[in-house]
Amino acid sequence: MSIGEKLFSLRQKTGESLQQVANAVEVSKAHVWELEKGRSRNPSFELVRKLADHYGVSIDVLTGQASEPNRDELQVDRIHRDLGSLSERDRGIIEQMIETMKSSEPKVP
């Protein structure tokens, strides 16, 4: 699978638009589309690093040296990364919400 196909697959799994990805990595929407379609074959190392960081994967995933995470793994990784930008108070609230949700789940026999 090419880097373009990997980028398209990751974008589909995260449910993001071309514009959202473009904004996150500070390039044009057209450039992201060209990368996904394989029309821009030599992206800069900096752009590849930004895309890997954005999707929360290693550069090895984009180059095909490591397997691509599934949708659930991407979502959990993204939530985990975003927690770091919250205040201690907000992280505490989220932690309490998770504990409440875990305790209210029906028990599997």
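Here is a short walk through this predicted model, from its overall form to a few individual residues. Local features are described only at pLDDT of at least 70, and side-chain atom pairs only at pLDDT 80 or more, while totals for chains, interfaces and linings use all residues. Numbering starts from 1 along each chain as its sequence is written, and side-chain values use heavy atoms, with hydrogens and water left out.

Let's begin with the fold. The protein chain has seven helices and zero strands, where helices (H or I, at least four residues) and strands (E, at least two) are DSSP runs numbered from the N terminus. Read in that direction, the order is α-α-α-α-α-α-α. Along the principal axes, the C-alpha atoms fill a box of roughly 50 × 35 × 20 Å. The radius of gyration of the protein chain is 17 Å, whereas a compact globule of 109 residues would have one near 13 Å; the value is taken over C-alpha atoms, and the globule rule is 2.2 Å times the number of residues to the power 0.38.

Now to the inside. Of the 109 residues, 25% count as buried, meaning under 20% relative accessible area, with exposed being over 50% and partly exposed in between (1.4 Å probe, protein chains only). The largest nonpolar core has 17 residues, and Leu 7, Leu 10, Leu 51, Tyr 55, Val 57 and Leu 62 touch the most other members. Such a core is a set of buried Ala, Val, Leu, Ile, Met, Phe, Trp, Tyr and Cys residues joined through side-chain atoms within 4.5 Å. Helices α1 (3-14), α2 (18-25), α3 (29-36), α4 (45-55) and α5 (59-63) each supply at least two residues of this core, and the largest share, five residues, comes from α4.

Not counting residues up to four places away in sequence, Val 57 touches Leu 10, Ala 52, Leu 62, Pro 69 and Leu 74, with contact meaning heavy atoms within 4.5 Å.

Further along, Arg 71 lies in helix α6 (residues 71-83). Leaving aside neighbours within four places in sequence, Arg 71 is in contact with Gln 12 and Lys 13. Arg 71 and Gly 15 are 56 residues apart in sequence, yet 9.6 Å apart in space, C-alpha to C-alpha.

Finally, turn to helix α7 (residues 88-104), where Ile 93 is found. Ile 93 counts as partly exposed because its relative accessibility is 33%.
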